[in-house]
Amino acid sequence: MVAALALPPSAIVAQAPEPADDVNNTIIVEGQRLTRKEVRERATGFVRTLGVVQGERSVARWVDGVCPRVLGVAPEIAKLVEAKVRKITSNIGAPLADEQCHTNLLIAFVENGRDIAKLISTNMPNAMSQVHGIDRRDLEQGDAPIRWWYTIGDSASTGGKALDMPPPGSFGNSEGGGSALPTGVPTVRNYSSSLVRPATTRSIDAATVVIDVNRAEGISLTAASAYAAFVGLAEIKGRAKPPVSSILNIFGEKTSANDLTFWDSQFLDELYDMPLNRWGRVQRGYLVKAIGQAEGEAEEAEDGPVEP
């Protein structure tokens, strides 16, 4: 995939000029203090929109060190983007690989994101093997300025990666016996049972972020880098448009975010601080509660963590 995306340097999104200082200008900001209930509702909506928790399915995050690589721009620009991604990764407590590492977070600046996605889908189908349905169609046919996808791995809660073999005792159909699962389906061996801890945990093993410089025109390099870092460090659904201030909203009509917002940072901090081996409902509670408390929330979220 790296070879396929190793394109000539293309025009990077323009950096918007800084406004001139004017001591005679006075800016008055008016706001309304949110109630505890309103903060909790916004935090819940934010987490739900990101799609990191689907029902009881646990969240996915990086377990091995993140190794970002940037393609499609001049080397000096690529270094700036990589440095930004590494800084965000370090700040939130996510594992970070050394400079000399094997790329697992690929960020490519291209002139036509749709064509590149189609090319990868056709020539390297394994790269998108976990993307299906409407999500796959959006990657190949959508108009999004930035598109991304992941390779997610499963591990036993007690440790160890999934195995490409049927689990013991999984006796399938009544005709021939044996496993009901076809050969090659990743499975895990875990015999524990818990109402809080699932049998498996999910991890981001690889992520690809494709930035269409033509469709992202006008977005600063800082914003593009922060956006790539945010979707690269968490399993965010492609159509996420949070109802609060977020870097994911930079392509909206009314937005001023040029970097990770308070909501973005609080979410990532908690994502890499909470236990990974918990059911989705519990992890959702951790995320909502952390964001709510940071906004002055004193009460625990209604669907907050329930420990044994």
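**Exercise 1. The crossing of α6 and α7**

Task: Determine the handedness of the crossing of α6 and α7 in this predicted model, and describe how the two helices pack.

Solution. The crossing of α6 and α7 is right-handed. Helix α6, which covers residues 262-271, and helix α7, which covers residues 280-294, pack at an angle of about 135°, and their axes lie 9 Å apart. That value makes α6 oblique to α7, because angles count as roughly antiparallel when they are over 145 degrees and as roughly perpendicular from 65 to 115.

The next step is to list the residues that meet. From α6 come Phe-262, Trp-263, Gln-266, Phe-267, Glu-270 and Leu-271, and from α7 come Tyr-286, Leu-287, Ala-290, Ile-291 and Ala-294. Sorted by class, this contact of α6 with α7 holds nine nonpolar residues, one polar residue and one charged residue.

**Exercise 2. The disulfide**

Task: State how many disulfides a search of the whole structure finds, and work out which parts of the chain are tied together.

Solution. The search of the whole structure finds one disulfide, and this bond joins Cys-67 to Cys-101 with an S to S distance of 1.9 Å. The angle about the S-S bond is 80°, and the link of Cys-67 and Cys-101 is right-handed. Cys-67 sits in the loop between β1 (60-62) and β2 (68-71), while Cys-101 sits in the loop between α2 (75-91) and β3 (105-110), so the pair ties together parts that are 34 residues apart in sequence.

Accessibility can then be assigned to each partner. Cys-67 has a relative accessible area of 3% and is therefore buried, the cut-off being under 20%. Cys-101, at 27% relative accessibility, counts as partly exposed.

**Exercise 3. Leu-119 and the chain as a whole**

Task: Locate Leu-119 in the secondary structure, classify its accessibility, and then describe the layout of the chain.

Solution. Leu-119 lies in helix α3, which spans residues 113-123, and with 35% relative accessibility Leu-119 counts as partly exposed. The C-alpha atoms of Leu-119 and Glu-140 are separated by 8.8 Å, although these residues are 21 residues apart along the chain.

For the layout, the secondary structure of the chain comes to seven helices and five strands, which follow the pattern α-β-β-α-β-α-α-β-β-α-α-α when read along the sequence. Of the 308 residues of the chain, 44% count as buried. Finally, among the contacts in the chain with a separation of 6 or more, 74% are accounted for by residues 24 or more positions apart.

Terms used: Residues are numbered from 1 along each chain as its sequence is written. This is a predicted model: local features need pLDDT of at least 70, side-chain atom pairs count only at pLDDT 80 or more; totals for chains, interfaces and linings use all residues. Side-chain values use heavy atoms; hydrogens and water are left out. Axes are lines fitted to C-alpha atoms, for helices over the stretch in contact, and angles run from 0 to 180 degrees between N-to-C directions. Helices (H or I, at least four residues) and strands (E, at least two) are DSSP runs, numbered from the N terminus. Angles under 35 degrees count as roughly parallel, over 145 as roughly antiparallel, 65 to 115 as roughly perpendicular and the rest as oblique. A crossing is left-handed if the near helix is turned anticlockwise from the far one by less than a right angle, and right-handed if clockwise. Contact means heavy atoms within 4.5 Å. Ala, Val, Leu, Ile, Met, Phe, Trp, Tyr, Cys and Pro count as nonpolar, Asp, Glu, Lys and Arg as charged, and the others, Gly among them, as polar. A disulfide is a pair of cysteine sulfur atoms within 2.5 Å. Buried means under 20% relative accessible area, exposed over 50%, partly exposed in between (1.4 Å probe, protein chains only).
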